[in-house]
Amino acid sequence: LLRLEGLALLVLAVAGYAQLGAGWGSFALLFLAPDIALCGYLAGPRVGAALYNTTHSLVGPALLGGAGLATGAPVAMAFALVWASHIGFDRMLGYGLKYPRGFGFTHLGRLGPRDAW
């Protein structure tokens with residue numbers, strides 16, 4: 001069910017982006033940008049989880065999108081929709097928000113094969 005929510009978020013954000021009329025080249029270029037936060041894992045799992053969660057929580061795109069709507073800034077809305085699309089895609093694949101124990105420990109469950117647990 002939680003993965004279906006991720007799919008729904010992905011579909012709705014992509015549909016919103018299409019309605020906005022922004023370029024698909026920009027979408028493709030920005031889609032993986034939130035994953036730059038994975039570099040935080042080079043400083044350890046606690047820092048990595050904090051940075052990952054900051055860029056993979058819906059709070060950021062919601063605030064950015066709301067600000068874009070309030071000020072009539074379509075670029076901000078486009079960025080917010082790409083960001084939300086990325087989050088939906090990750091959640092659809094089972095990559096949830098991280099716990100400081102390590103990358104594989106998420107709010108959607110453990111990542112990896114069950115026999116590795």
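**Close-up views of a predicted model**

**View 1. Gly-104 and its contacts.** Leaving aside neighbours within four places in sequence, Gly-104 is in contact with Gly-109, Arg-110 and Leu-111. Gly-104 lies in strand S2, which covers residues 102–106. Its relative accessible area is 19%, so Gly-104 counts as buried, the cut-off for buried being under 20%. As in the other views, the model shown is predicted.

**View 2. Helix H5 from end to end.** Helix H5 comprises 20 residues, 74–93. At 1.5 Å a residue, H5 should span 28 Å, and the C-alpha atoms at its ends are 29 Å apart, which agrees. Just after H5, Gly-94 takes a positive phi of about 95°.

**View 3. The buried residues of H5.** Which residues of H5 are buried? They are Ala-76, Met-77, Ala-78, Ala-80, Val-82, Ala-84, Ser-85, His-86, Ile-87, Gly-88, Asp-90 and Arg-91.

**View 4. Ala-80 within H5.** Ala-80 is a residue of helix H5. Its relative accessible area is 5%, and Ala-80 is therefore buried. Apart from neighbours within four places in sequence, Ala-80 is in contact with Pro-61, Leu-64 and Gly-65. Gly-40 is 40 residues from Ala-80 along the chain, and the C-alpha atoms of the two are separated by 22 Å.

**View 5. The largest nonpolar core.** Five residues make up this core: Tyr-17, Phe-27, Phe-31, Ala-78 and Val-82. Two of its members, Ala-78 and Val-82, are among the buried residues of H5. In soluble globular proteins, nonpolar side chains tend to be buried together. What does Phe-27 contact, leaving aside its neighbours within four places in sequence? Phe-27 is in contact with Val-14, Tyr-17, Val-82 and Ser-85. Of these, Tyr-17 and Val-82 also belong to the core, while Ser-85 is one of the buried residues of H5.

**View 6. Ser-57 in the loop between H3 and H4.** Ser-57 is placed in the loop that lies between H3 and H4. Is Ser-57 buried or exposed? With a relative accessible area of 19%, Ser-57 is buried, because the term applies under 20%. Not counting residues up to four places away in sequence, Ser-57 touches Ile-87, Arg-91 and Leu-97. Ile-87 and Arg-91 are among the buried residues of H5.

**View 7. A nonpolar surface patch.** Leu-1, Leu-4, Leu-7 and Val-11 make a nonpolar surface patch of about 430 Å². Val-11 is located in helix H1.

**View 8. Leu-2 in helix H1.** Leu-2 has its place in helix H1. Its relative accessible area is 44%, so Leu-2 is partly exposed, a term for values between 20% and 50%. Leu-29 is 27 residues away along the chain, and the C-alpha atoms of Leu-2 and Leu-29 are separated by 27 Å.

**View 9. Arg-46 in helix H3.** Arg-46 is found in helix H3. Its relative accessibility is 62%, and Arg-46 therefore counts as exposed, a term that needs over 50%. Where does Lys-98 lie relative to Arg-46? Although 52 residues apart along the chain, Arg-46 and Lys-98 have C-alpha atoms separated by 9.2 Å.

Definitions and conventions
Residues are numbered from 1 along each chain as its sequence is written. This is a predicted model: local features need pLDDT of at least 70, side-chain atom pairs count only at pLDDT 80 or more; totals for chains, interfaces and linings use all residues. Side-chain values use heavy atoms; hydrogens and water are left out. Helices (H or I, at least four residues) and strands (E, at least two) are DSSP runs, numbered from the N terminus. The expected span of a helix is 1.5 Å times one less than its number of residues. Buried means under 20% relative accessible area, exposed over 50%, partly exposed in between (1.4 Å probe, protein chains only). A nonpolar core is a set of buried Ala, Val, Leu, Ile, Met, Phe, Trp, Tyr and Cys residues joined through side-chain atoms within 4.5 Å. Contact means heavy atoms within 4.5 Å. Patches are made of residues with over 30% relative accessible area and no salt bridge: like charges are joined within 9 Å, nonpolar side chains (Val, Leu, Ile, Met, Phe, Trp, Tyr) within 5 Å. Accessible areas come from the Shrake-Rupley method with a 1.4 Å probe; for residues, only the protein chains shown count as cover. A salt bridge is a side-chain nitrogen of Lys or Arg within 4 Å of a carboxyl oxygen of Asp or Glu.
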